[in-house]
Amino acid sequence: MTDRSYLASTIRGKIDADELIVGYGVTVEEGVVITSRQGRCRKVILGDFCFIGRETRIIVPEFRLGDYSKLHSFSFVHGEYPLQIGRNCWIGGNTVLDSMAGLDIDDNVGIGAHSQLWTHVQFGDVVEGSRFYSRQYMYVGKDAWFVGHCIVSPVRVGEKSMALVGSVVTKDMLPNHIYAGVPAKDVSEKMGYQFEARTIHQKGEKLHELVTQFTAEHPQFTGQLKVIYTAEEVVGGVCCFDISRRMYTKLYSPAEVAFLKSHVPLVKFAPFGEPPFVVPQHPVEPFPDDQIY
């Protein structure tokens, strides 16, 4: 009989919610508290093999953390609106995520340690005439990356955009552009883009290289992982990674879980047949196609 202990979840923190959905292989370390400003969350969803590090505080009405995502120790998540973090995300320790106006972080996003994402500004006495009071919803597009120690205003964050370490972001980040500085400026012309253009077959060759190396190190998984290019190539009983759609067949097999746990976030796929994990709380205006590269 196959040992399925790797599917067991370990919840050592405190989760106070009316509805709690916990996937396979979830880890919530000691000292974690998930609750709301009203004392109890409406709903908490923790996806398969996600991780929340010790002493993290999450105080929002609803909280979602996707498959294989990691929210590291001593982070602080708070706000009056739900907060969603997608699949395959990596969020470093001591990070602040503010959802006073709503914050949605889509799949595959990286947020380096000591970063702060803010959706509100408020402190000055408004009766006395303080002009600095605002709230604005923020959506972070897929594959965006804040390298670390970044401070981010409620801007539009395009897919695959990147802010270098120490950036203070006050303006929208175009898709696949790179920003740096205080305040952050577009440095893409100088540095290039975060992602280079690759053909489907170049992507497939890279993933096949990683799978081959993995199975060489773990021969017991030989033949259990397959790189494909169309849905018609799916093989039953084998974890297949479809390059064209960036999806995989979720079987919860030992080979699949071991490969993803060792390669996420450097390899990021979503499961076949599942709806988007993050559904934006508000409409998200797309960037024009001519602004992506």
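Two strands count as paired here if DSSP finds at least two bridges between them. Keep that in mind as you click through this predicted model.

Stop 1: You will find 10 of them in an open sheet, ordered 1-4-7-10-13-16-21-23-25-26, with mixed pairing. Now select residues 10-11 and then 185-186: these are the edge strands, strand 1 and strand 26, and each pairs on one side only.

**Stop 2**

**Stop 3: strand 28 and its parallel partner.** Next, select residues 239-242, which are strand 28, together with residues 225-228, strand 27. This pair is parallel, with 4 bridges between the strands.

Which way do the residues of strand 28 point? C239 and F241 face one way, while C240 and D242 face the other. In a regular strand, side chains alternate between the two faces of the sheet. Are these four residues of strand 28 buried or exposed? C239, C240, F241 and D242 are all buried.

**Stop 4: the hairpin.** Finally, bring in residues 247-248, strand 29, which pairs with strand 28 in the antiparallel sense over 2 bridges. Pick D242 and look across to M247, its bridge partner in strand 29. The hairpin of these two strands has 4 residues between the strands, and R246 takes a positive phi near 55°.

Technical notes. Residues are numbered from 1 along each chain as its sequence is written. This is a predicted model: local features need pLDDT of at least 70, side-chain atom pairs count only at pLDDT 80 or more; totals for chains, interfaces and linings use all residues. Side-chain values use heavy atoms; hydrogens and water are left out. Buried means under 20% relative accessible area, exposed over 50%, partly exposed in between (1.4 Å probe, protein chains only).
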